[in-house]
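Here is a short tour of one protein chain. Keep the sequence and the 3D view side by side as you read.

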Amino acid sequence: MDISEFKKLQKEFDEEYIGPYERKPEDFLFLSTAIAGEVGEFANIVKKYYRTKEKKVGVASDEDRDYISDMKKEIIDVFTYFLIIANHLDLDIEEGYLENLARNRKRFKKM
Ligand SMILES: [Mg+2]
């Protein structure tokens with residue numbers, strides 16, 4: 001499945017459970033705070049994970065796996081809001097990503 005198919009699935013879900021995209025300014029206000037909240041949830045787990053690691057360096061435990069599992073869930077939440085925002089913007093993710101990658105290749109080119 002490619003990313004445009006994920007966008008399509010998310011749009012179908014949103015239209016079924018929330019309603020048609022109207023692209024009102026308040027939609028972007030909600031979505032920007034929602035995705036920032038999910039990034040915050042991810043960062044909070046990372047913070048707690050590294051706090052724990054300071055106490056027991058090099059030990060892989062069930063607790064570590066729980067943190068990693070929670071990080072995965074939160075980054076998928078971020079991805080979900082990313083898809084919703086991309087749909088609201090009619091963003092061609094593949095094209096935009098490849099353009100950004102080309103810019104970054106020039107920007108970070110090794111001397
Ligand atoms: Mg979350």
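**The model and its numbering**

This is a predicted model: local features need pLDDT of at least 70, side-chain atom pairs count only at pLDDT 80 or more, and totals for chains, interfaces and linings use all residues. Residues are numbered from 1 along each chain, as its sequence is written. pLDDT is the predictor's confidence in each residue, from 0 to 100. The chain has a mean pLDDT of 91. Of its residues, 93% reach 70 or more. Confidence is lowest in helix α2 (residues 25–55), at a mean of 91. It is highest in helix α4 (residues 93–107), at 97.

**The whole chain**

The chain has four helices and zero strands. Helices (H or I, at least four residues) and strands (E, at least two) are DSSP runs, numbered from the N terminus. Read from that end, the order is α-α-α-α. The radius of gyration is 18 Å, well over the 13 Å that the globule rule gives for 111 residues, so the chain is more spread out than a compact globule. That radius is taken over C-alpha atoms, and the globule rule is 2.2 Å times the number of residues to the power 0.38. Along its principal axes, the C-alpha trace spans about 50 × 45 × 30 Å.

Buried residues make up 6% of the 111 residues. A residue is buried if 20 or more other C-beta atoms lie within 10 Å of its own, exposed if 12 or fewer, and partly exposed in between; the C-beta atoms are placed from the backbone.

Contacts tell another part of the story. Two residues are in contact if their C-beta atoms, placed from the backbone, lie within 7 Å. Take the contacts between residues at least 6 apart in sequence: 89% of them join residues at least 24 apart.

**Helix by helix**

The expected span is 1.5 Å times one less than the number of residues.

| Helix | Length | Span | Expected span |
|---|---|---|---|
| α1 | 15 residues | 21 Å | 21 Å |
| α3 | 27 residues | 39 Å | 39 Å |
| α4 | 15 residues | 20 Å | 21 Å |

In α3, Glu74, Tyr81, Phe82, Leu83 and Ile84 are buried. By contrast, α4 is hardly covered: its count of buried residues is zero.

**Where α1 meets α3**

Two packed helices are described by the angle between their axes and the distance between the axes. Helix α1 packs against helix α3 (residues 62–88) at an angle of about 85°, with the axes 9 Å apart. That makes α1 roughly perpendicular to α3. Axes here are lines fitted to C-alpha atoms, for helices over the stretch in contact, and angles run from 0 to 180 degrees between N-to-C directions. Angles under 35 degrees count as roughly parallel, over 145 as roughly antiparallel, 65 to 115 as roughly perpendicular and the rest as oblique.

Which residues meet here? From α1 come Phe6, Lys7, Gln10, Lys11 and Asp14; from α3 come Thr80, Leu83, Ile84, Ala86 and Asn87.

**Residues in the helices**

Isoleucine 3 is in α1. It is partly exposed, with 15 other C-beta atoms within 10 Å. Leaving aside neighbours within four places in sequence, isoleucine 3 is in contact with Ile93 and Glu94.

Is glutamate 15 buried or exposed? It counts as exposed, because it has 12 C-beta neighbours inside 10 Å.

Glycine 96 lies in α4. It is exposed, with 12 other C-beta atoms within 10 Å. Glycine 96 and arginine 65 are 31 residues apart in sequence and 34 Å apart in space, C-alpha to C-alpha.

**Residues with positive phi**

Just after α1, glycine 19 takes a positive phi of about 130°. Arginine 23 is not a glycine, yet its phi is positive too, at about 55°. Arginine 23 lies in the loop between α1 and α2. It is exposed, with 11 other C-beta atoms within 10 Å.

Aspartate 90 lies in the loop between α3 and α4. Just after α3, this residue takes a positive phi of about 50°. Aspartate 90 counts as exposed, with 9 C-beta neighbours inside 10 Å.
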